[in-house]
Each structure stands twice: as structure tokens, then as C-alpha cells.
Amino acid sequence: MKEIPEMFGSLVFGDTAMRQRLPKETYKALNRTIAQGRSLDPSVANVVANAMKDWAIEKGATHFTHWFQPMTGVTAEKHDSFISPTSDGRVIMEFSGKELIKGEPDASSFPSGGLRATFEARGYTAWDPTSYAFIKDNTLCIPTAFSAYTGEALDEKTPLLRSMEAINKQALRILKLFGHTEVTRVLTSIGCEQEYFLVDQDLYEKRKDLRFTGRTLFGAKPPKGQELDDHYFGAIKTRVKAFMEDLDDELWKLGITAKTEHKEVAPGQHELAPVYTTSNIAADQNQLTMEMM
């Protein structure tokens, strides 16, 4: 029998791990940043980075990456190892607060919506402490925003964070007009459903449209009514159930609250729905869910 409560979030440097590994004052300072959007002192970042590194190494990680979402529809990452050479020809494992807070990947080949020429290569990643770091493929992944040196957004996360802050500011203003002066922050939340198709590998290999484009380009016309309503919420087949169980395990380890799954209307179509959470965390977890699939 799987111990799901122990498994859940085991690959996430979340509140439980921070409470266990950070000094009390550091934990409080980081929580103020997460809960209230306050700036983080660099000295606090060094303590957090060291604790995060020790935790990740214990979990088998050898590298770290600033995990970000450029305007490509998928995530991006540049891996750096924890090793640092010493004068005697050996190495030690290090991870500084500076490396945690900021990165500088080459941004020349990422789409910018025409904001700048490709030779203007500088782009910066900035740690989003409100979205917990996690381990994927023996790599410590740090969710980050990605922007140009001029401050222009080059990703999907930065506009989301800015819009969340704008809603927070105006919602607090309205609440204060109605006398709710005790409220200090307003958060938005979403729950991202994933609808997906499972196709047998042998059948997939025979379909060049699926292999080359990832979608159906030829075949029978789809039904326009509810002709396939007997599929909807139908009994889940054994192979599909095994896939769902494996997927749930991986998502739960990453702290993703995969909750509801069922058969959809079309043949081979299924749905996965998590419990809703804060908008930027939900967006990150949605990307992770698609990667795990």
C-alpha cells in the first residue's frame, strides 16, 4: 500500500522542508516574501540557497536550473552543476544566494514578439519564491520569471505575476472602501484541467500526421452531436488506469494535487483535474503536468 501523505510533495522544497531546514528567522523572512510580496534580503537568500542545495543533494540532485516559460508554449532550462573547483584540484558542492535569485541565460533565440533584435542577447531569470522549487530528473528546478535587461517580459510568467499584483492592489483598495482594513493581500486562483488522448504506440508509429505534427490531419470526420455519449464517464480500461496511477504518483511527488480523472467523449480521450490553487502556482503545475504526461 502506497503511503500517499508521505509521498506527496516529497520532491518539493515546500513549507515542510523549509520549516525543518531553515533557521526560524530566515523561515519567517521568506514566508513574509511569499505571503506579502515583500523583497528578500540577500543574506536571507544565501541561507535559503544553502539549505535548498543540501536538501536537493540528499534527494540525488547534482545540478540546478532556473526553470522558466518563454513564449514558446513549453518550458526552458539551462543546467549548472553544484560543483566548484578548489585550489588542490578537488571540488566542493556550492550554491549561492546570487545563483538562486538571478540567472543570465542567452535570450537571443527566444521569441520576443518583435520587441528587440536577435543580437540583443541579454535576458535574465529572477526567482519566483511564491512557487516552490522542485526536483525533476535529478535536477533542482527553481521557478523563475524571464525578462530582458530593459525589464520587458520575455515569458508567460511575468505578465501573470504583474496582473496578479494589479488585481491585488485594486481589490485591496475596494475592500478598504467597505471597511475591511484587516485584509493585507488578495490572491487569485485557478484549476487547470488537462484533456488528453492516449494512443497505442504501434498505431501512433503508423500515423505520419501524429508523428510529424502532433495532431490528426486526416481520417473520418468528427461527430458534431452527442453520438459518442456512451464513452463519457465510461469504465476506464486497465492499461489506461495503469497510466493514470503512474502519472498520479509522479504528480503527487511534485506536490500537484491531481484529484479527478475520467473518460471523455472521444475514443482515447481522457481528463485530469487538479484541486485549484494560486494562479502562478497552478500555471507552473500545469506545465509540469504536461511534461510528466
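**Exercise 1. Overall build**

Among contacts in the protein between residues at least 6 apart in sequence, what percentage join residues at least 24 apart? Determine also how the chain is divided into helices and strands.

*Solution.* The structure is a predicted model, in which local features need pLDDT of at least 70 and side-chain atom pairs count only at pLDDT 80 or more, while totals for chains, interfaces and linings use all residues. Residues are numbered from 1 along each chain as its sequence is written, and side-chain values use heavy atoms, with hydrogens and water left out.

Step 1. A contact means heavy atoms within 4.5 Å. Of the contacts between residues at least 6 apart in sequence, 63% join residues at least 24 apart.

Step 2. Helices (H or I, at least four residues) and strands (E, at least two) are DSSP runs, numbered from the N terminus. The protein has 10 helices and 14 strands.

Step 3. Taken along the principal axes, the C-alpha atoms fill a box of roughly 65 × 65 × 55 Å.

Step 4. A residue is buried under 20% relative accessible area, exposed over 50% and partly exposed in between (1.4 Å probe, protein chains only). Of the 293 residues in the protein, 37% are buried.

**Exercise 2. A lysine in helix H4**

Is Lys-53 buried or exposed, and which residues does Lys-53 touch?

*Solution.* Step 1. Lys-53 is placed in helix H4. With a relative accessible area of 8%, Lys-53 is buried.

Step 1. Not counting residues up to four places away in sequence, Lys-53 touches Phe-82, Met-93, Glu-94 and Phe-95.

Step 2. A polar atom of the Lys-53 side chain lies 3.3 Å from the backbone oxygen of Met-93.

**Exercise 3. Salt bridges**

Find how many salt bridges the whole structure contains, and describe three of them.

*Solution.* Step 1. A salt bridge is a side-chain nitrogen of Lys or Arg within 4 Å of a carboxyl oxygen of Asp or Glu. The search finds 14 salt bridges.

Step 1. Asp-128 and Lys-157 form one of these, at 2.8 Å from N to O. Asp-128 lies in the loop between strand S7 (123-127) and strand S8 (133-136), and Lys-157 in helix H6 (residues 157-177), so the pair ties together parts that are 29 residues apart in sequence. Asp-128 is buried at 5% relative accessibility, and Lys-157 is buried at 3%.

Step 2. Asp-209 and Arg-207 form another, at 2.9 Å from N to O. Asp-209 is buried at 4%, whereas Arg-207 is partly exposed at 25%.

Step 3. Glu-250 and Lys-253 also form a salt bridge, with their closest N and O atoms 3.5 Å apart. Both residues lie in helix H9 (residues 238-253), 3 residues apart, about one turn of the helix.

Step 4. Through shared partners, salt bridges join Glu-77, Lys-136 and Glu-291 into one network.

**Exercise 4. Two loop residues**

Where are Asp-137 and Asn-138 found, and what are their phi values?

*Solution.* Step 1. Asp-137 is in the loop between S8 and S9, and Asn-138 is also found in the loop between S8 and S9.

Step 1. Phi is near 55 degrees for Asp-137, a positive value in a residue other than glycine. For Asn-138, likewise not a glycine, phi is positive and near 60 degrees.

Step 2. Asp-137 is exposed at 69% relative accessibility, while Asn-138 is partly exposed at 45%.

Conventions
A polar contact is a pair of N or O atoms within 3.5 Å; within protein, one must be able to donate a hydrogen and the other to accept it, and residues adjacent in sequence count only if both atoms are side-chain atoms.
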